Amino acid sequence: RVRWPLRDVRGALTSHTILPDGRIHLRIEHRPLPGVTPGMLAWWYRVLPISRVEFDGAVRPMYHLFHPYEHGRIWIERPAADGRPGVGAGGVVARYEWFGPYDSKGAARVIELSPRRFVTRPAIAGFAIGEIRHEWGRSPQGATYAVETTLGVDWPIVGPWVNALLRRRIFSEGMLREWQRHQVEEVGLLPHFLPALHAQRNDSNLYDLEKQGT
């Protein structure tokens, strides 16, 4: 088990509102990430589903570094449009993860992955149900990182009913609080290992956590 300290969730700015049509809007502004650059973040998301890391005497999926106590798995259901390995625009990424008492699974189409942002549109039964935008910038203290999430549909007439059902069955208040807490903690872990792994980047996408010298 990787024993890095988790960031205090109170150090991030979070908001959670219900829009007039019933869609959910969430925003997280993380504290700056020391030693991390926007380019490192874009690389991390590109290779996350296809990389493995050796630590604790075993080779494990890189995704397990994203949170030491709660994680899951992530995989590519449809390759990126540019044909490159990993995550990219036009591809579909699926995931299963757990946080607190909640299990969460689903798939999302990647709209953009660039040095400035990662944008996906999650879907249920083939219908897009919102958008998640991870945006990065620079500061003297390290990369800035904000997540803007809208969950639900903007359909006329039936949209509010669908959104009410989504809030009741999938995106409950408790689940969203745990999701925000989980997201703040896992992003806060990135300074502990991302610069070292980025320095090891290779075509095989195999990494050794011990090489970071800690």
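## Buried or exposed

A residue is buried under 20% relative accessible area, exposed over 50%, and partly exposed in between (1.4 Å probe, protein chains only). By that rule R46 is buried, because its relative accessible area is 9%.

This is a predicted model: local features need pLDDT of at least 70, side-chain atom pairs count only at pLDDT 80 or more, and totals for chains, interfaces and linings use all residues. Residues are numbered from 1 along each chain as its sequence is written, and side-chain values use heavy atoms, with hydrogens and water left out.

## Salt bridges

Side chains of opposite charge can pair when their charged atoms come close. A salt bridge here is a side-chain nitrogen of Lys or Arg within 4 Å of a carboxyl oxygen of Asp or Glu. The whole structure holds 14 of them.

One joins D82 to R46, with the closest N and O atoms 3.1 Å apart. The two residues sit 36 residues apart, D82 in the loop between β5 (72-78) and β6 (92-99), R46 in helix α1 (residues 38-47). Helices (H or I, at least four residues) and strands (E, at least two) are DSSP runs, numbered from the N terminus. D82 is partly exposed, at 45% relative accessibility.

E70 pairs with R181, their closest N and O atoms being 2.8 Å apart. This bridge also links distant parts of the chain: E70 lies in the loop between β4 (58-61) and β5, R181 in helix α3 (residues 173-199), 111 residues apart. E70 is buried at 9%. R181 is buried at 17%.

## A charged network

E112, R117, R121, E131, R133 and E135 form a network of salt bridges. Within it, R133 bonds to E131, the closest N and O atoms being 3.4 Å apart. R133 counts as partly exposed, at 26% relative accessibility.

## A nonpolar patch

F127, W155, I157 and V158 make a nonpolar surface patch of about 430 Å². Patch residues have over 30% relative accessible area and no salt bridge; like charges are joined within 9 Å, nonpolar side chains (Val, Leu, Ile, Met, Phe, Trp, Tyr) within 5 Å. Areas come from the Shrake-Rupley method with a 1.4 Å probe; for residues, only the protein chains shown count as cover.

W155 belongs to the loop between β11 (144-151) and α2 (159-169). W155 is partly exposed, with a relative accessible area of 34%.
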